[in-house]
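Please look over the sequence and the three-dimensional structure shown here before reading the report that goes with them.

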Amino acid sequence: MGQANEILFVASLLVLISILAGSASSRFGVPFLLVFLGLGMLAGVDGPGGIEFSDYQLTYTVGSAALAIILFDGGLRTKMSIVRLVAGPSLVLSTVGVLATAGIVGAVGHYILGFGLLQSFLIGAIVGSTDAAAVFFLLNVKGMALQKRVTGTLEVESGINDPMAIFLTLVCVELLRLGQPPDSWLLLLNFLVQMLGGVAIGVAGGLLLVLLFNRVQVAGGLYPIVAMAATLLIFSGAHFAHASGYVAVYVAGLMLGNRRHRGAQVILRFYDGLSWLGQIVMFLLLGLLMTPSQLEPDILPGLLIAAVLIVLARPVAVTLCLLPFRYSWAEIGFISWVGLRGAVPIFLATIPVLAGLQHASIYVSVAFFCVLLSLTLQGWTIGLAARLFGLELPPQKDSASRAEIDLGNTADRDIASYQVQPGAPALGYVYAELPMPRRCRIIAVIREGTVMDRAKLESLQPSDYLLVLAPPEQLYSLDRLFTNQEKQRKGRSTGEEVFGEFAVQGDTPVGVLGEMYGFPVEEKFRADPAGAYIRKRLRRGAVVGDRVRVGPVELVVREIKHDRIAMVGLELEPEEHPLLRRMRRAFGFKA
């Protein structure tokens with residue numbers, strides 16, 4: 001009993017300290033995950049905590065469950081339209097990219113460590129995949145607005161590339177343990193079963209979850225518990241079927257997150273906290289597992305291999321995989337740099353230890369230094385890299401005054417609540433003449449705790465609370481109506497603004513552009529090519545320079561061929577800074 005209480009006390013204290021230390025360190029730009037890892041090491045046997053921990057089996061088990069939860073949460077928050085947009089490049093990156101990365105790291109590691117080719121390739125396989133926890137977390141916690149194709153590629157790749165790394169790691173371990181190569185066709189069949197089986201189980205599991213939530217009504221607080229139990233059931237069930245549990249839970253999250261169902265908002269909020277807890281526990285355990293005194297002999301080779309991974313292997317693999325998909329060099333450069341490594345490489349490095357391979361501790365040490373350098377160097381500079389490559393979009397309008405209410409699958413619109421800000425455009429209208437977007441309707445106005453009679457209401461006042469029934473694609477327009485736009489513009493940090501224009505093909509569906517660059521498109525126009533959409537909005541023939549405003553961007557005609565709009569520009573900052581105009585004139589840039 002005493003030992004159980006002691007474990008609970010130490011574990012809860014470590015989690016609490018990690019959260020407080022992470023919040024404090026974020027003011028200096030230190031990545032949260034690096035703080036969790038460092039605190040785990042401080043609590044370990046060589047630190048002031050003095051905790052002796054070397055249970056690789058427990059680390060592997062807990063890490064598997066935590067990673068499954070993080071991947072499910074990532075799937076919940078990924079739009080299916082983004083997956084369709086980046087499915088091809090993400091799939092190539094998660095297979096060919098991992099293989100190429102492992103091969104390059106293995107070839108260089110062969111000379112750095114003096115290992116055999118197979119042992120060196122095992123090191124490359126262990127560090128070959130990007131880490132879903134690190135990518136999801138660091139892309140979102142920075143609060144950056146990036147092009148949807150870039151973030152979508154990074155998130156989907158990290159969500160589905162773990163099976164390839166795990167597969168390569170297990171094959172190498174078996175080859176080293178048994179000493180004989182398996183049949184190559186059998187290997188390919190095994191990999192296909194892992195991937196396709198994971199997708200099939202994930203689709204079935206996600207659709208069954210949607211059906212369950214919509215058919216069976218339970219207490220509101222039980223929806224996230226059901227989702228968590230289902231996540232672990234899908235994960236473990238996929239492994240029993242010899243499929244990839246990691247692919248299965250990610251796909252199941254996609255299926256659930258892209259369909260209307262009861263309890264959607266409470267599940268998202270619950271999983272937000274649960275994925276945080278999973279990351280904290282994973283990195284604390286990995287920090288406890290690392291003993292600095294034992295890592296010391298491997299510092300130089302570990303850092304050299306980490307440097308090769310970051311500056312050579314990842315960029316080469318990304319370039320080979322994305323050039324056929326016509327990604328720009330800026331996009332390729334940023335995706336190469338954000339090849340974040342997190343808990344997964346150390347987690348995979350426990351497999352050779354559990355298998356009893358010779359020199360197994362070196363795999364753990366090298367994986368640790370790859371993670372350490374990645375989180376420190378890449379994690380610390382994501383925002384800077386986005387600005388240097390010109391991929392950060394202008395700051396999103398502040399919608400902090402808006403909250404959304406979940407209606408489940410009972411309606412085709414949502415309820416959003418707003419608090420009217422001082423200086424909002426809505427204050428300049430008579431209530432009966434408010435320019436409400438299509439299919440939007442105010443269903444209640446609450447002033448000083450009293451529900452107002454809308455028939456007798458003359459106008460809105462600052463701090464009024466509104467309940468609005470609206471389609472999701474119209475929420476941006478409502479944000480502009482009920483928030484102080486002038487205050488938002490003045491409140492931006494000039495040093496963080498990103499101006500400019502992105503060019504796309506005129507036959508790109510306008511719905512795809514909306515998902516890529518974050519502007520709302522009505523459902524009936526989503527399949528229209530961007531050029532045809534501009535003509536419809538103009539209601540006449542188009543000439544170069546014509547422009548159409550859509551939410552926060554302007555679509556500009558840039559090139560016309562054979563009476564078709566061949567190239568469209570997306571101007572991402574309508575209110576241009578005067579300095580930008582002067583620079584464009586000076587350097588001859590198109591306005």
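## Basis and confidence

This is a predicted model, in which local features need pLDDT of at least 70 and side-chain atom pairs count only at pLDDT 80 or more, while totals for chains, interfaces and linings use all residues. Residues are numbered from 1 along each chain as its sequence is written, and side-chain values use heavy atoms, with hydrogens and water left out.

The mean pLDDT (the predictor's confidence in each residue, from 0 to 100) of the protein chain is 80, and 84% of its residues reach 70 or more. Where pLDDT is low, the predicted coordinates should not be read in detail.

## Helix H8

Helix H8, which covers residues 162-178, has 17 residues and reaches 24 Å from its first C-alpha to its last, close to the 24 Å expected at 1.5 Å a residue (the expected span is 1.5 Å times one less than the number of residues). Because 12 of its 17 residues are buried, H8 is largely enclosed by the rest of the structure; buried means under 20% relative accessible area, exposed over 50%, and partly exposed in between, with a 1.4 Å probe and protein chains only. Among the buried residues are Pro163, Phe167 and Cys172, and the helix is followed by Gly179, whose phi is positive, near 80°.

## Gln279

Gln279 is found in helix H12 (residues 264-289), and with a relative accessible area of 5% Gln279 is buried. Leaving aside neighbours within four places in sequence, Gln279 is in contact with Leu33, Phe36, Ile70, Ala133 and Phe137.

## Aromatic rings

The structure holds 10 aromatic pairs, where rings of Phe, Tyr and Trp (its six-membered ring) pair if their centres lie within 6.5 Å, and planes under 30 degrees apart count as stacked, over 60 as edge-to-face and the rest as tilted. The rings of Phe115 and Tyr363 have centres 6.4 Å apart and planes at 70°, so this pair is edge-to-face. Phe115 lies in the loop between helix H4 (80-113) and helix H5 (117-126) and Tyr363 in helix H17 (residues 360-380), so the pair ties together parts that are 248 residues apart in sequence. Both Phe115 and Tyr363 are buried.

Methods. Helix = DSSP H or I, 4+ residues; strand = E, 2+ residues; numbered from the N terminus. Contact = heavy atoms within 4.5 Å.
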